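Walk me through how the side chains pack in this predicted model.

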Amino acid sequence: MLRFATLDFTLENIFQFVVGASIFALMLHFTAKSLNSASVDAEGWQWIRPAFMQHFALVGALAFSLLMWWLYFFVGSARADAEQQELVMLALALASGAGALVVWWMFYANRISWRDDQIRLWTLGRATEYSFDDIIEIKQTNGEGNWKITFEDGRSITVADLSHGYDELGDQLDKHIV
């Protein structure tokens with residue numbers, strides 16, 4: 001058995017690492033392949049929809065938050081530093097719950113749809129309609145992926161590059177914004 005610092009390079013640990021890395025690589029592959037086109041409703045509006053990565057972030061953050069809450073309320077700790085551990089569990093539960101809330105707000109509560117030369121921003125089911133001519137700025141927010149679209153009235157929305165319909169909206173923006 002080869003030992004380096006505190007890492008054990010046993011056959012079992014190497015196998016676990018390879019399995020984990022393979023699962024991660026497959027998730028990335030299916031995330032990239034799962035991007036579909038925008039959905040179209042009966043009136044002809046195309047919709048940006050959350051994709052696998054957004055669903056995974058929301059469910060993962062919620063699950064971790066619920067786990068921390070469950071540990072905090074029902075399990076606790078029997079160690080001497082239990083009070084400090086429970087404060088950390090509470091902080092983790094609040095932080096991951098806040099993260100889930102941010103993901104929900106960005107990708108589920110705020111939506112975008114478009115048709116012809118019209119574009120709609122939806123917030124909690126309420127639509128505000130604009131023309132593509134009302135867009136005053138489009139900038140990339142993370143280097144080369146997400147777009148932040150700003151309208152004349154100051155309202156803006158971020159469109160994630162891993163969302164279903166991202167490419168179609170980009171084509172539509174290219175047609176209208178010169």
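Trp-69, Tyr-72 and Phe-73 are linked into a cluster by ring pairs. Within it, Trp-69 and Tyr-72 pair edge-to-face, with 6.2 Å between centres and 90 degrees between planes. Both sit in helix α2 (residues 52-75), 3 residues apart, about one turn of the helix. Trp-69 is partly exposed, at 25% relative accessible area. Tyr-72 is also partly exposed, at 27%.

Tyr-130 and Phe-151 make a stacked pair: 4.2 Å centre to centre, 20 degrees between the planes. Tyr-130 belongs to strand β7 (residues 126-131) and Phe-151 to strand β9, so this pair ties together parts 21 residues apart in sequence. Both residues are buried. The count of aromatic pairs comes to 8.

Now the cores. The largest nonpolar core holds 17 residues. Ile-112, Ile-119, Ile-149, Val-159 and Leu-169 have the most contacts inside it. Two or more residues each come from β5 (110-115), β6 (118-123), β9 (147-151), β10 (156-159) and α4 (166-176). Beyond its neighbours within four places in sequence, Leu-169 touches Ile-48, Ile-112, Trp-114, Ile-119, Trp-147, Ile-149 and Val-159. Another core, of 6 residues, lies apart from the largest one. Among its members are Leu-58, Ala-100, Val-103 and Phe-107.

What about enclosed space? There is 1 cavity of 30 Å³ or more. The largest cavity contains about 90 Å³. It is lined by 13 residues, and Ile-48, Met-106, Phe-107, Asn-110 and Thr-158 are the closest to its centre. At least two lining residues each come from α3 (82-109), β5 and β10. By class, the lining has 8 nonpolar, 3 polar and 2 charged residues.

Note on methods:
Residues are numbered from 1 along each chain as its sequence is written. This is a predicted model: local features need pLDDT of at least 70, side-chain atom pairs count only at pLDDT 80 or more; totals for chains, interfaces and linings use all residues. Side-chain values use heavy atoms; hydrogens and water are left out. A nonpolar core is a set of buried Ala, Val, Leu, Ile, Met, Phe, Trp, Tyr and Cys residues joined through side-chain atoms within 4.5 Å. Buried means under 20% relative accessible area, exposed over 50%, partly exposed in between (1.4 Å probe, protein chains only). Helices (H or I, at least four residues) and strands (E, at least two) are DSSP runs, numbered from the N terminus. Contact means heavy atoms within 4.5 Å. On a 1 Å grid over the protein atoms alone, a cavity is a set of points where a 1.4 Å probe fits but cannot get out, and a pocket is an open set with protein on both sides within 12 Å along at least five of seven lines; lining residues have an atom within 4 Å of a point. Grid points are joined across faces, edges and corners, and a volume is the space filled by probe spheres set on the points. Ala, Val, Leu, Ile, Met, Phe, Trp, Tyr, Cys and Pro count as nonpolar, Asp, Glu, Lys and Arg as charged, and the others, Gly among them, as polar. Rings of Phe, Tyr and Trp (its six-membered ring) pair if their centres lie within 6.5 Å; planes under 30 degrees apart count as stacked, over 60 as edge-to-face and the rest as tilted.
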